[in-house]
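Visitor: I would like to learn how to read a structure like this one. Could you walk me through a few features?

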Amino acid sequence: MSVEQQINSLREELRQHNYNYYVLDNATISDYEFDLKLKELEKLELENPQFFDINSPTQRVGGEITKNFKTVVHKNRMYSLDNSYSKEDLLDWEKRIQKMLGVNTISYTCELKYDGASINLSYENGILISAVTRGDGFQGDEVTANIKTIKSIPLILQDNSFENFEIRGEIILPLDGFKKMNEERVEAGEDPYSNPRNTASGSLKLQDSAEVAKRPLDCLLYHIVEPSNKFKTHFRTLEEARKIGFKIPQAIEVCQSIDEVIQFIEKWDEERHNLPYETDGIVVKVNSLAYQDELGYTAKAPRWAIAYKFKTEQQSTILNEITYQVGRTGAITPVANLEPVELAGTIVKRASLHNADQIEKLDIRIGDTVFVEKGGEIIPKIVGVEISKRPIDSQPTKYITNCPDCNTLLVRNEGDAKHYCPNEYGCPTQITGRIQHYISRKAMDIEGLGAETVELLFKEGLIGNYADLYDLKVEQVIPLERMAEKSAENMILGIEKSKEIPFEKVLFALGIRYVGETVAKKLAKHFKSMDNLMNASFEDLIAVDEIGDRIAKSVIDFASNLINIQIIDRLKSYGVQFEVSEESLEGKSEKLQGKIFVVSGVFTIFNRNELKKSIEDNGGKVGSSISKKTNFVIAGDNMGPSKFQKAESLQIPIISESDYLEMLQ
Ligand code: AMP
Ligand code: ZN
């Protein structure tokens, strides 16, 4: 095989695996093997630049920077949808179209209404040539470089049943991916994103496509614009689109009457809570493409389709008070204290008001009757005010100017939605918040010490920063409220033990803004010691893979602050780990990150426990029995036949001890 053939065959193979994994949700290869093949392709492409192809699977990681998104006029206008809220609305709609078409029976395709950002993809000769946002419906922004990083979108089609066409869909952020992104943000001291839809549409406008590639975006398609109507019905067209590589959700159904449509709606009004992504309704479309053409469009929406909106649970209640919370990083969050009200099965007493702009925009005032809604977010939000019920003596809300905790004048930096208390080292909530972060499970994991005790210790004047923890004596702690001798001892022991926690965790524990768990690991690995990190220049920092301006600046700010320098010196003198230990590096890596192994049989190079330890030291996990989640089975001599069969039937690769060692190379 020539190099060119080799490259092409690898590309084809990887494309097929991507399709199976991202579109069909049915992996046919382990992640590890996929990575190996991708690396092989990368290498060949690098050695043979004459065969470069922008649509190669290796290009999915992004890297292209777009400073200004080009405005593009849509070849075919992108419409909105008319809404309906009841069976009557749907029957009225049916009557209208029956009359226009002069027929009595119409069949429909029902789909979920995906809640994200709409996108128009253009394909020519089977290749994705552009991706444009809906914009105002007449013209949108070209975001092709960003869209190409979404792995469920085919760059090259498996088949070309449509020739040149446009396909429309919704870019969404699945709920678990959204949750994970937010967990990482909160850990790094940033505000969580408010909902998946805004985050998805915001992602499309990021300038750095490599950043987009890291977000777990997906694209669900719902409409092909193709004038020949080759496949006669909308449903058949979608089936065909699925066949050639597009992700068309399985939930689509043909209904022969509005009654059947109602059944579909009722089913999904329940089921939607189990979906991996958000949906705010369903879309009913006339199935026959000829009928669709006949019905055409109004100025705003197709006549052949209508959206049915699920009822979002909303309640009205009285806003009693607005309080303000100070976060660990000094960010201020206004909180609405409500007259308790039942919403979606739970009693709601508080709702987030996000920031000053939000309060001003809705003109929310104390004493107002407000509407509370539970969307995709965990915390309910206020979506409006019933002005007619406003008390006559009501006053506009004046946002606080000073910290509710330490009375320092708040600041609001350009570009920040939130106000901050700048009194980092004097504001009680920030002080205790930082110590609570320091002792938390993912950080120093101090046993015997909890968030409430930290507050107590601070109030009693026993600690003012995390270094003070190491000076605590049992005798000082025992007199505290609800503190038995035994628990005081446990606490001091727990603090003592934290001196063994490895550097990367210590670095995370310090609570440097924007330095979350992953960033801390990267910095620890690169700089090897706190001294090196504290002495690093801005240029040194941004030279590290994935470390940007914002993080670099934050690290520099931290390292140049005298208070921090003193605290670090003290921690060092107590014996807290500020260097990557040789021991911890030996035989350790992250190579098996996310992989689950099951070991079975008798081994020659390792004994069983050594093998298990080696897997864990390299970031992998050891599972006790073979399941769909297992990535590899490592088989020694005398592997049990039932395990063998199970692995075979689930198509899990069975590897030998030496294959395993090779994997670590
Ligand atoms: P609206 O934004 O409320 O006017 O609703 C119209 C938008 O719904 C369209 O622009 C699409 O982006 C979106 N949408 C989501 N799911 C579907 C679907 N299954 N069929 C058509 N449009 C959809
Ligand atoms: Zn303060």
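Guide: Gladly. Let us begin with a term: two residues are in contact when they have heavy atoms within 4.5 Å. Keep in mind that this is a predicted model.

Visitor: Which residues of α3 and α9 meet?

Guide: On the α3 side they are K87, L90, L91 and E94. Their partners in α9 are I258, D259, V261, I262 and I265. Sorted by class, this contact has 6 nonpolar and 3 charged residues, with no polar ones.

Visitor: At what angle do the axes of α3 and α9 cross?

Guide: Helix α3 covers residues 87-101 and helix α9 residues 258-271, and their axes cross at roughly 145°. The axes come within 10 Å, and the crossing is right-handed.

Visitor: Now α1 and α2: is their crossing left-handed or right-handed?

Guide: Left-handed: that is how α1 passes α2. Helix α1 (residues 3-23) packs on helix α2 (residues 31-47) at about 145°, with the axes 10 Å apart. The contact draws on V3, Q6, I7, L10, R11, E13, L14, H17 and N18 from α1, and on F34, K37, L38, E40, L41, L44 and E45 from α2. By class, that gives 8 nonpolar, 3 polar and 5 charged residues.

Visitor: Which atoms coordinate the zinc ion (ligand 2)?

Guide: Look for the SG atoms of C403, C406, C421 and C427, which sit at 2.2 to 2.4 Å from the zinc ion. Along the chain, these donors follow the spacing C-x2-C-x14-C-x5-C.

Notes
Residues are numbered from 1 along each chain as its sequence is written. Chains are lettered from A and ligands numbered from 1 in the order in which they are written. This is a predicted model: local features need pLDDT of at least 70, side-chain atom pairs count only at pLDDT 80 or more; totals for chains, interfaces and linings use all residues. Side-chain values use heavy atoms; hydrogens and water are left out. Axes are lines fitted to C-alpha atoms, for helices over the stretch in contact, and angles run from 0 to 180 degrees between N-to-C directions. Helices (H or I, at least four residues) and strands (E, at least two) are DSSP runs, numbered from the N terminus. A crossing is left-handed if the near helix is turned anticlockwise from the far one by less than a right angle, and right-handed if clockwise. Ala, Val, Leu, Ile, Met, Phe, Trp, Tyr, Cys and Pro count as nonpolar, Asp, Glu, Lys and Arg as charged, and the others, Gly among them, as polar. Donors are N, O and S atoms within 2.8 Å of the metal (3.2 Å for Na, K and Ca); water is not among the atoms, so sites may look incomplete.
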